[in-house]
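Thank you all for coming.

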Amino acid sequence: MEGAERKIAKVPSSDDSCVTFILNDETHTIGQPLHMLINNQPEVEFAGYSVPHILEKKINFRIQTKSQDHLAVDSLRQGLSDFERFWRHADATFDNAVQRFSNSTTH
Amino acid sequence: MEHFDRLKSRIIVEEHSLTNVTTGHPEERNVLKLDFFKKNFKINVLSLDESRIVFELINIEFSFVNALRRVLLSEVPTMAFDRIVILNNTSVLQDEILAQRIGLCPVKVDPDLFTERTEGTEPSEKDALEFKLHIKCEKGGKRESDRRDVTTADFVWVPLGDQANMFVEGEEPCLVDVESPIVLTKLLPGQEVDLIAQCFKSNGGDHAKFQPVATAWYKPLPQIVLKRRIAGEAARRLQSCFSPGVIDIHVENGEEVARVANPRLDTISRNVFKYDDLSDSVELSMAKDHFIFTVESTGILSPMDLVKRAIRILITKAQRMLHELNKFEDAS
């Protein structure tokens, strides 16, 4: 298995639409929301993650897409990108909320 | 239709079970769609002071809320005492116990000013903070007042390298006072503690002493619907089943009648099912996409700052992985 110290490694497979990725140094923190997001994509047949061993901080993330035209890695990329955009929006929303709160209490 | 909508978005809490828990096929979950989220996601701050923030998140998936909580607990870094050189300790506490107590004391300094230390290098101004503690209790006294408590207020900051210029007067690194300085050990006349303590940067996942929150937690928004009129003694009993403030009693035609005042305060204890005559009178449920989130700070960072840093860490996580993916693609 190549790239054991890299952030993202891949279990070798001949089919690019069914891939298991190994996300090093990650836990349920990203696994759970990411798998919910990727499952939500219409081209995705299956997305799931597991922690192969509790003493090792990594997750196996498997994506299977509905057709050979859609690469699993593209679904992963889309999921990560959406995750980032969700949190950017949440960041701005939080700032507004705090602003509104301090405006309403300083009157 | 309203009932159906309510069903879709709420978990029904029954005496022995929870129903309607499965959130439907992920493809149907609106809160996972970016467009829906951007239009409908709301945050309302319910309370805010220097140690705690309570805010509600509406139209968000629970796994995101949980991710925020997990990051607050184990990935937001702080500085904490990690290496203690004990020169003299004649107090009743053993060296290692005293060292462990010191390690757990929060250190009030902005962790962003420091980097994580690499194993094997000498601590420097960029990755360490040093404090000195030297207290000697005067020999000879026999009264209670001749004893001395060693507290976090007795620590003296020792600037390393250029650190003296890094901090504005009055905002130098110090230990957090939790209402009053934390007592570390007590000295009898003649006893002494002399040590040098160094802080390094790490996160809660490494050791709980680095955790910046005196916990952070969330709960789904509870909803309570009274299915019938409950009056008299039963109303008082119903009120006692819930947390104070959830149910209030108002007088109607000379009778005391129960009504739902503030379901947010409820802890979903299901105490109402203790009483056979009240079991069928309420419908308890929890929202699937509306959460009340509380963050309590240990005093190192403000609660708002904590939430912002946690969100930033989540964004950076995704960015790093996207960056890796792109490199990966180029390599293959």
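Searching the whole structure turns up 31 salt bridges over all chains, where a salt bridge is a side-chain nitrogen of Lys or Arg within 4 Å of a carboxyl oxygen of Asp or Glu. Please keep in mind that this is a predicted model, in which local features need pLDDT of at least 70, side-chain atom pairs count only at pLDDT 80 or more, and totals for chains, interfaces and linings use all residues. Residues are numbered from 1 along each chain as its sequence is written, chains are lettered from A and ligands numbered from 1 in the order in which they are written, and side-chain values use heavy atoms, with hydrogens and water left out.

One of these salt bridges joins the side chains of B:Asp82 and B:Lys209, at 2.7 Å from N to O. This pair links distant parts of the chain, 127 residues apart, with B:Asp82 in strand β5 and B:Lys209 in the loop between β12 and β13 of chain B; strands are DSSP runs of E, at least two residues, and helices are runs of H or I, at least four, numbered from the N terminus.

Turning to the interface of chain B and chain A, the rule finds 4 salt bridges across it, and A:Asp91 also meets B:Lys308 in a salt bridge, at 2.8 Å from N to O. The contact (heavy atoms within 4.5 Å) takes 49 residues from chain B and 43 residues from chain A.
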